[in-house]
Amino acid sequence: MTHAVTDTRTTHEAPTDSPGGGFFDQPRAVWAVAFACVISFMGIGLVDPILKSIADQLDATPSQVSLLFTSYMAVMGVAMLVTGVVSSRIGAKKTLLSGLALIIVFSALAGMSDSIGAIVAFRAGWGLGNALFIATALSTIVTAARGSVAQAIILFEAALGLGIAAGPLLGGALGSISWRAPFLGVAGLMTIALVATTFLLPSTPAVGRRTSLADPFRALRYPGLLTIALTALFYNMGFFTLLAFTPFPLDMNAHQVGLIFFGWGLLLAITSVWVAPALQRRFGAVPTVLGSLALFGLDLAAMAIWTDDKTVLVVGVIVAGAFLGVNNTVITEAVMGAAPVERPVASAAYSFVRFSGGAVAPYAAGKLGENVSVHAPFWMGAGAVGLAIVVLAVGAKHLRGEHAPAAHSEAEAEAELIGDAS
């Protein structure tokens, strides 16, 4: 969840729509926050390559290891309800630094843990820190940047895409040394970002209306927003089945899994930023999402049928990145106009419901893989995506007249952040 950008700086410091300054001529504060964005957006992809290593070395089952996703997503979903309340009271910089500090502490503690239960618990703390960070990342970059707002948002989108793609690659490289290394690496990199942000980013006072915890729940009374939220809940069950369970039937080392999910992240980043807006302008939001969901569901079904064929699994993971990138961006852009409420409130409501699917699916997939068959988790994911298609098709009448935000607008970048923050 992010906030609509409100400029609190003086006239000569504020971003303008003039071309002055150039894309790379940015204050050091902007580069510090952008660096932190890259590390934060590595998020889930960083963990994928080391899931099997953690299971092997800590004598844990796939369902137990999958709780790394469940605790992270569950806490982040709940935290999305309160980050707006926090940042509207203490300001963007303090919220940003609080999030960075929590990520540092809990990622380091996870890396030093000796039990799967401890790692799961510390991963939950990481989710809280990430929620606080992403609540203010976009607004901070736009506020601090020189030149046009569009240039600042392009920089933000670049950081987002780089983080998504680099996460599995770094996780695989460090994971080949030890499963602890990715956690400790994040702690070290975020420490650098915290120090740089503390000294380079000017103070940002609290701005805008103070939101309440009840606002997101009230927003879900609007059928358009509820339709999108439920669609995302079921879609995320397929999404996180792919992420959390696939490393186990792949049965490869951390470096190999990292390369596979790097391909996934690269396609996701490319389609999020460039392909999704073009498809949405050409076909509209609902047809684009229905199409991407149908293709993703078929992809999961193919992985369910040919789970024993590693080539099918590798191709299925990488190709899924394209469908996920399109869906993440387009469906979350629709959130911005799905209800007559403020964007932060709509984002909080949507994220809370959406991340519930991300919390439930990994554990359910692990249990199905252990107790039914190695094919069952992918069938569950495909079925959940099918439910998402039904929900969106039935509720589409509540979304008529929605328009895509302009390319590189604040609304578009905010939607991409909401869609890809996990």
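**Entry 1: a pair across the chain.** I started with D251 and K52, whose side chains meet in a salt bridge at 3.2 Å, N to O. The rule I used: a side-chain nitrogen of Lys or Arg within 4 Å of a carboxyl oxygen of Asp or Glu. D251 sits in the loop between α11 (247-250) and α12, while K52 is in helix α2, so the pair ties together parts that are 199 residues apart in sequence. Helices here are DSSP runs (H or I, at least four residues), numbered from the N terminus.

**Housekeeping.** This is a predicted model, where local features need pLDDT of at least 70 and side-chain atom pairs count only at pLDDT 80 or more, though totals for chains, interfaces and linings use all residues. Residues are numbered from 1 along each chain as its sequence is written, and side-chain values use heavy atoms, with hydrogens and water left out.

**Entry 2: K52 again.** Which other residue joins the network with K52 and D251? I found D56: K52, D56 and D251 are linked by salt bridges. The closest N and O atoms of D56 and K52 are 3.2 Å apart. Both lie in helix α2 (residues 51-57), four residues apart, about one turn of the helix. An α-helix has 3.6 residues a turn, so residues three or four places apart point the same way.

I checked exposure too (buried is under 20% relative accessible area, exposed over 50%, partly exposed in between, with a 1.4 Å probe and protein chains only). D56 is exposed at 54%, and D251 is partly exposed at 45%.

**Entry 3: another bridge.** I looked up R180 and D114, which form a salt bridge with their closest N and O atoms 2.7 Å apart. R180 is in helix α8 (residues 180-200) and D114 in the loop between α4 (92-111) and α5 (116-134), 66 residues apart. R180 is partly exposed at 24%, whereas D114 is exposed at 61%. My tally for the model is four salt bridges.

Notes
Helix = DSSP H or I, 4+ residues; strand = E, 2+ residues; numbered from the N terminus.
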